[in-house]
Amino acid sequence: MKYIEEYRDAYLTQKLLKDLRSILTRDWILMEVCGGQTHSIIKSGLDQLLPKEINLVHGPGCPVCVTPLELIDKAIALASRRDVIFTSFGDMLRVPGSSSDLFAVKAAGGDVRILYSPLDSLKIARENPDKTVVFFGIGFETTAPPNAMAVVQAQVQGINNFAMLVSHVTVPAAIIALMESPDVKVDGFLAAGHVCTVMGYWEYEPLAQKYKIPIVVTGFEPVDIVHGILKCVRQLEGDRYYVENAYARSVIREGNRPAQAVIQRVFELCDRPWRGIGVIPQSGYRLRPEFAEFDAELRFPEIQSIETKESDLCISGLVLQGRKKPHECMAFGKECTPQTPLGATMVSTEGACAAYYRYGRYADANRRIDGDKWLKNPI
Ligand code: SF4
């Protein structure tokens with residue numbers, strides 16, 4: 001498939017790895033921000049192929065994983081109501097709340113529907129005027145434009161039985177929080193290519209300067225990722241730090257201006273709790289007052305008083321900050337599996353724990369094989 005197959009080319013990946021080995025003089029800790037990149041790294045075995053000097057740690061870029069427990073519990077409370085049709089992307093259904101999940105609500109008879117587009121919620125709302133359709137609007141800047149557009153369309157079309165439970169988060173605020181934390185050690189970031197396709201990368205430039213850290217916009221295939229790592233290490237080894245674009249086939253500095261405009265029109269920045277991490281100032285989007293009628297938390301004020309309880313065993317907050325790897329969790333593969341998840345990172349298709357479990361990274365997660373051997377067994 002054009003624009004995918006060539007970015008999985010084993011020999012090109014190997015050449016980039018050779019270039020990487022040739023410039024390394026010391027150890028570096030790099031964080032891939034996006035959970036999609038984490039899965040690609042583990043699936044393709046890059047974690048085992050990279051030179052031992054490169055320690056890749058996994059960041060907080062899985063939108064399902066960082067959706068706060070409080071919001072999951074509110075979603076469960078709303079989905080349990082007989083006067084509500086609850087709509088969501090599919091990977092939210094297995095995410096554990098304090099005592100249940102949306103899948104269990106659906107199994108018990110709740111009207112929970114999986115969508116591929118938030119605009120489908122409007123169609124359901126038109127077809128069910130006696131119910132309120134609540135859409136679970138989660139994600140980073142990538143999903144914010146279509147979610148914002150659903151709210152605009154609801155207002156334009158006068159669909160008053162539609163509301164959104166909003167839990168949007170933004171990448172630059174997460175990078176700031178990580179760099180300000182004394183417990184987090186990261187030398188360089190691989191920024192998420194799809195987020196930058198929407199937002200561009202101009203927002204990262206002051207961060208690279210302030211924290212003296214390379215930020216490389218990176219794609220999702222093995223060649224993309226090694227290319228991003230190579231660019232990052234070249235900066236580090238040369239004592240330089242700026243924003244570089246290693247995903248030029250999709251990203252320009254300014255990003256997608258119309259998409260940014262619809263985000264600005266519908267959402268405003270707010271403080272937002274991140275699951276397992278805590279509140280990060282100005283890290284989330286909430287609906288602007290002009291769209292308050294579509295805010296599910298305002299429409300159903302009774303869900304504000306929900307009490308939450310996180311698993312005592314789960315260390316996903318540390319995993320999401322790059323401070324621990326999934327197999328270092330005592331519950332990994334034992335109490336916690338994809339069938340019995342204790343944390344969202346074991347559920348989501350972008351979750352680091354799910355990637356480690358799916359691709360067999362247990363106690364030997366850091367074992368490496370040499371590149372020549374891998375050449376005979378390309379991706
Ligand atoms: S393995 Fe399970 S319990 Fe451990 S950090 Fe991951 S999600 Fe949490």
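The lining of the largest pocket is made of eight nonpolar, seven polar and six charged residues. Here Ala, Val, Leu, Ile, Met, Phe, Trp, Tyr, Cys and Pro count as nonpolar, Asp, Glu, Lys and Arg as charged, and the others, including Gly, as polar. The model is predicted, with pLDDT of at least 70 needed for local features and 80 or more for side-chain atom pairs, while totals for chains, interfaces and linings use all residues. Residues are numbered from 1 along each chain as its sequence is written, and side-chain values use heavy atoms, without hydrogens and water.

The largest pocket holds about 620 Å³ of space, a volume filled by probe spheres set on grid points joined across faces, edges and corners. A pocket is an open set of points on a 1 Å grid over the protein atoms alone, where a 1.4 Å probe fits, with protein on both sides within 12 Å along at least five of seven lines; lining residues have an atom within 4 Å of a point. Of its 21 lining residues, G36, H39, K43, T349 and Y359 are the closest to the centre of the largest pocket. The helices α2 (35-44) and α16 (352-358) each give at least two lining residues, and the largest share, five, comes from α2.

The second largest pocket has about 320 Å³. Among its 19 lining residues, those closest to its centre are T170, E203, L269, Q282 and Y285. β11 contributes the most to this lining, four residues. The lining of the second largest pocket has 11 nonpolar, four polar and four charged residues.

The shell around the ligand has nine nonpolar, three polar and no charged residues.
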